[in-house]
Amino acid sequence: MEQVGQFYRRVTDANKDFIQYWQSHTFLHWDWWTSLALTIIPWLLWIRYRHKSSTARLLYAGFFVIIVSSWLDFVGITLGLWFYTGKLVPTMPSYMPWDVSLLPVGVMLLIQAKPRWSPLLKGLIFASLCAFVGEPIFMWLGFYVTIHWEIWYSFPIYLIIYLLADRLSRGRSFDPLPS
């Protein structure tokens, strides 16, 4: 028990140091404002362009994406596969704009767009955009730093997340999406 306590004290000390760094070097700087905009603007767009009659169905799929992507992000950070800079909130290990806004809103907009299109096709589009466009842009901006990860590892993960979210959105407890 004492050894586990020592580990937690080291983590706590590292978190305190990071919060001090964040307050001096991130909070209210360009990267923080960018992260804030990337968290809010997609939701505003979704509120404006969603099919109102499908709100519950889409949110169901979106919250699934938030939970899964945040958990996977946390695992990757914990295992030292990647880390983030420019974080909106210093106490959240994952990158909020990506996990809580860009991914779920992207999935929800794709689900409602062209509902007759194959979920696999839309999943391939989603996974390609996330892994081969989104991640490199965030790397270029300096928000996403990979250590033991290659962006093409992300492709099947994004594909599976999309396909599962799409499947959940088509549950029988929901009315069909309008064409």
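Reply: Serine 69 is buried, with a relative accessible area of 5%. Buried means under 20% relative accessible area, exposed over 50%, and partly exposed in between, with a 1.4 Å probe and protein chains only. This is a predicted model, where local features need pLDDT of at least 70, side-chain atom pairs count only at pLDDT 80 or more, and totals for chains, interfaces and linings use all residues. Residues are numbered from 1 along each chain as its sequence is written, and side-chain values use heavy atoms, with hydrogens and water left out.

Serine 69 lies in helix H3, residues 55–78. Helices (H or I, at least four residues) and strands (E, at least two) are DSSP runs, numbered from the N terminus. Setting aside neighbours within four places in sequence, serine 69 is in contact with Asp99 and Leu103. Contact means heavy atoms within 4.5 Å.

Phenylalanine 63 is also in H3. Its relative accessibility is 45%, so it counts as partly exposed. Its C-alpha atom is separated by 25 Å from that of aspartate 31, 32 residues apart along the chain.

The largest nonpolar core has 31 residues, and Trp98, Leu103, Val107, Ile111, Phe126 and Tyr158 touch the most other members. Such a core is a set of buried Ala, Val, Leu, Ile, Met, Phe, Trp, Tyr and Cys residues joined through side-chain atoms within 4.5 Å. At least two residues of this core come from each of H2, H3, strand E1 (82–84), H4, helix H5 (119–141) and helix H6 (151–169). H4 gives the most, with 7 residues. In soluble globular proteins, nonpolar side chains tend to be buried together. Take valine 107: beyond its neighbours within four places in sequence, it is in contact with Val65, Phe126, Tyr162 and Ala165.

Now the packing of H4 on H5. Their axes come within 11 Å and cross at roughly 150°. Axes are lines fitted to C-alpha atoms, for helices over the stretch in contact, and angles run from 0 to 180 degrees between N-to-C directions. H4 and H5 are therefore roughly antiparallel to each other. The classes are: under 35 degrees roughly parallel, over 145 roughly antiparallel, 65 to 115 roughly perpendicular, and the rest oblique. H4 passes H5 in a right-handed crossing. A crossing is right-handed if the near helix is turned clockwise from the far one by less than a right angle, and left-handed if anticlockwise. Trp98, Leu102, Leu103, Gly106, Val107, Leu110 and Ile111 of H4 meet Lys122, Phe126, Cys130, Gly134, Glu135 and Phe138 of H5. By class, this contact has 9 nonpolar, 2 polar and 2 charged residues. Ala, Val, Leu, Ile, Met, Phe, Trp, Tyr, Cys and Pro count as nonpolar, Asp, Glu, Lys and Arg as charged, and the others, Gly among them, as polar.

H4 also packs on H2. The axes of H2 (residues 30–49) and H4 (residues 96–112) come within 8 Å and cross at roughly 20°. That makes H2 and H4 roughly parallel. The crossing is left-handed. On the H2 side, the contact includes Leu38, Trp43 and Trp46, while Val100, Val105 and Met108 are among the H4 residues. The contact of H2 with H4 has 13 nonpolar, 4 polar and no charged residues.

Last, the whole chain. It has 6 helices and 2 strands, in the order α-α-α-β-α-α-β-α from the N terminus. Of its 179 residues, 37% count as buried.
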